[in-house]
Amino acid sequence: MPRRSRSFPEEPVIPPGGERHVEGRTLEALVRELLDHPGIGENIVHVERLPAREAVYGDWPEALDPALRQALSARGIDNPWSHQAEAVRHALEGQNVVSVTPTASGKSLSYNVPVLQSILKNPSSRSLYLFPTKALSHDQYGELYELSKACGRDIKVYTYDGDTPPATRRALRDAGHLIVTNPDMLHTGILPHHTSWIRLFENLDYVVLDELHQYRGVFGSHLANVLRRLLRLCAFYGRKPIFLGSSATIANPKGLAEALTGQPFEVVSESGAPAGEKVFVFYNPPVINRELGVRRNVRLEARRIAMRFLARNYQAIVFGRSRLDVEVMTTYLKRGMARLHRDPQSVTGYRGGYLPTERRAIEQGLKQRDLLGVVSTNALELGIDIGSLDVSIMAGWPGSVASAWQRAGRAGRKAGTSVAVYIAGSSPLDQFLVNNPDFFFGSNPEEGLVNPENVAILSSHLKCGAFELPFEDSESFGDTDPAPILQFLEDESLLRHTAGRWYYSSDVYPAEDVSLRSASGENFIVLDTGRKNQVIAEVDYDSAPFLIHDDAVYIHNAKTYLVEKLDWDRRTAYVRHKKVDYYTDAESSSNIQVLQVDEEEVPENSPVLAARRLGEVSVATIIAKFKKVKFETQESIGYGPVTVPQLEISTEGFWLSFRQDLIALFRKDGKDLAPALRGVAQLLRHAIPLYVLCDTRDFAVYSMLRAPFDQLPSIYIWDKYPGGIGISRRAHRLYDTLLEAARRMVTECPCPHGCPACVGAQLEKRGETKQAALWLLDRLLADAAGEKGE
């Protein structure tokens with residue numbers, strides 16, 4: 001039974017002016033009300049009180065320019081917090097440094113100070129700021145501009161993105177001291193045109209990588225190669241810039257920073273920033289079907305809890321796991337506000353796909369407290385300034401401990417109390433975490449992974465690199481010998497080798513065809529036919545078959561649109577606004593083919609396992625149908641066909657092949673192996689994100705009774721990105737750990753036969769899935785122990 005803390009004082013101890021009173025109730029009083037509510041309190045399984053922290057100060061370096069010192073003092077910063085002082089010291093000593101401290105701990109000052117110091121010392125100095133999103137770069141530009149202006153010198157700060165006018169682009173290339181941009185613009189707008197940016201490259205002292213933990217998977221693997229190209233050009237112009245980074249708390253900030261840049265890093269992780277008290281509530285929705293282990297829908301529970309805060313004018317953010325989650329919950333909250341005779345427009349959604357003008361208006365509305373509530377995907381998880389909210393609610397596990405802390409940090413100030421609520425879903429991962437709060441509040445085991453050597457990604461950037469500067473025969477690219485791929489590109493008539501150099505020879509501009517964020521660079525646009533084909537949104541290539549297929553209900557800021565037609569070839573969906581009481585959810589299936597085995601382990605004398613393999617697989621994903629689901633009741637009211645091309649990728653996979661006689665062994669006991677395999681696959685799918693910084697949507701786990709590769713019962717794990725991004729390979733290395741986590745998930749679940757919180761929905765009449773999966777896990781763990789000689 002998970003422990004529950006209810007150590008609330010009768011009267012909250014609140015610093016003077018630290019807590020807002022709304023309608024006579026403080027946040028602490030409202031949390032106590034939740035605990036005592038018969039329909040809510042009984043589902044609160046844990047309350048963690050994170051005490052307020054006092055500030056710990058350091059000193060600015062003696063060499064800090066007086067103008068900068070005065071500018072900081074004018075902003076009330078006479079002394080830095082200890083982590084800021086340490087990071088600045090490392091930077092000024094010429095060391096690459098990454099700051100890993102909580103949200104709102106002033107990490108930006110850790111890199112702004114050394115950057116401005118370098119310009120005040122040498123007016124020719126240049127620095128490049130990279131933020132993972134355009135929105136975040138615009139947001140951070142304001143703070144940097146104000147601080148640089150306060151220094152009283154002519155320091156030019158510019159943002160550089162797709163919206164920058166041509167005249168401004170010419171000015172910033174020549175005069176810009178600080179270029180605030182994103183990896184995409186570095187990739188397509190700066191590196192290929194480096195001869196127009198000579199002043200930047202010849203004087204580049206610092207490169208800032210903000211939100212470094214976001215650079216993982218496909219995005220991080222691309223960025224690592226973009227930075228290889230950057231450093232290659234810097235070397236050509238005689239510069240070696242220092243990298244300054246910031247990151248949320250992950251297990252390997254140093255390793256991730258070094259993998260991205262190829263450079264050694266110092267890590268600053270002890271925060272000196274003050275913080276108000278935070279009350280962290282773990283809420284497990286009630287079971288509504290004990291036989292199946294189904295709990296009340298997370299979206300409905302998020303609405304119920306969020307409305308209790310919104311009704312009392314506490315500003316709240318609700319995080320959903322998907323675009324569909326965001327739109328459905330936004331609809332629920334708008335309806336809830338209307339029932340209270342309050343303005344439904346005081347609550348809004350926020351996600352990718354909204355137009356930039358919409359997102360800016362929402363950010364300002366939150367910051368100025370014109371908006372009371374917002375429902376968001378991870379788009380607002382990053383450091384965009386939306387003010388200090390009162391409450392953060394997570395509807396379902398966000399995918400990682402790092403993301404959960406980022407989201408919880410969206411609520412809170414330096415004084416006073418804030419509240420974070422985690423509402424668990426029915427998945428094994430959610431149930432494991434909500435019932436094991438020590439795992440969450442203890443050490444962070446997640447590692448951020450990148451795979452710069454992914455052949456598809458690497459070859460794309462070698463093309464771009466050759467366009468920018470010919471490769472020498474003996475030249476390396478990061479830690480990679482590019483010669484074999486360069487030879488392949490010559491065979492494809494993209495490069496030409498002459499006089500010991502590889503020259504780009506195609507007439508196609510390579511960077512424009514390489515997306516840093518997805519397997520495809522092509523987005524779909526959504527046109528509203530009722531408003532003369534006005535563009536209302538964009539949808540990425542991978543999401544399009546699921547969200548905007550024919551007859552889908554596309555939801556945009558709680559408005560429902562029916563998709564009249566998806567023109568796949570033109571990447572356009574035509575929709576019209578129509579009020580409906582349901583949403584649509586597309587379903588997919590996959591076919592797997594092994595292309596190559598890279599590693600194989602055959603255990604000796606195992607009664608269950610034939611082999612454990614790592615290699616290259618081809619996966620075809622077919623989206624064949626969608627279901628209609630009613631709002632509120634979640635009732636399925638029908639199905640429809642989906643007609644889109646199947647999606648095919650070659651990627652990295654890890655798979656377990658079981659002995660053929662295992663089928664007969666199960667049948668001898670009157671059991672079926674298929675549900676056991678499905679149960680173990682379900683558990684492994686939810687164990688992987690406990691140790692790898694990824695989402696369950698970044699990879700797939702699939703079981704089959706007879707695999708095409710060897711005709712054996714099998715469980716396959718594969719990365720959902722061409723060439724792989726390291727998840728399957730890491731799962732292969734963590735095999736024993738994942739088995740142990742899977743066993744813990746199934747043994748700690750109180751259901752008798754199996755449920756969505758452990759081995760998945762119980763489909764078999766005999767109810768044997770849980771026991772069969774546990775039997776199989778025990779045999780696999782015994783094999784693993786035998787291999788170690790335990």
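Modeller: Angles under 35 degrees count as roughly parallel, over 145 as roughly antiparallel, 65 to 115 as roughly perpendicular and the rest as oblique. This model is predicted, so local features need pLDDT of at least 70 and side-chain atom pairs 80 or more, while totals for chains, interfaces and linings use all residues. Residues are numbered from 1 along each chain as its sequence is written, and side-chain values use heavy atoms, without hydrogens or water.

Colleague: How are α3 and α4 oriented to each other?

Modeller: Helices here are DSSP runs (H or I, at least four residues; strands are E, at least two), numbered from the N terminus. The axes of α3 (residues 82-92) and α4 come within 8 Å and cross at roughly 40°. Axes are lines fitted to C-alpha atoms, for helices over the stretch in contact, with angles from 0 to 180 degrees between N-to-C directions. The pair is therefore oblique.

Colleague: How many charged residues are in the contact of α3 with α4?

Modeller: The contact (heavy atoms within 4.5 Å) is made by H83, Q84, A87, V88, A91 and L92 of α3 and L109, S110, V113, P114 and Q117 of α4. Nonpolar means Ala, Val, Leu, Ile, Met, Phe, Trp, Tyr, Cys and Pro; charged means Asp, Glu, Lys and Arg; the others, Gly among them, are polar. These residues divide into 7 nonpolar, 4 polar and, for charged, none.

Colleague: At what angle do the axes of α4 and α5 cross?

Modeller: Take α4 (residues 107-121) and α5 (residues 134-150). They are oblique to each other. Their axes come within 11 Å and cross at roughly 45°.

Colleague: Which residues of α5 make the contact with α4?

Modeller: By class, this contact has 5 nonpolar, 4 polar and 1 charged residues. From α4 come S108, L109, Y111, N112 and L116. From α5 come Q140, E143, L144, L147 and S148.

Colleague: How far apart are the end C-alpha atoms of α9?

Modeller: Helix α9 (residues 217-236) has 20 residues. The expected span is 1.5 Å times one less than the number of residues, so α9 should span 28 Å. That agrees with the separation of its end C-alpha atoms, 29 Å.

Colleague: How many residues of α9 are buried?

Modeller: Buried means under 20% relative accessible area, exposed over 50%, partly exposed in between (1.4 Å probe, protein chains only). Helix α9 is mostly covered. Of its 20 residues, the buried ones number 18.

Colleague: Is P482 buried or exposed?

Modeller: P482 is found in the loop between β17 (471-472) and α18 (483-491). Leaving out residues up to four places away in sequence, P482 touches L462, E475, S476 and F477. Its relative accessible area is 2%, so P482 is buried.
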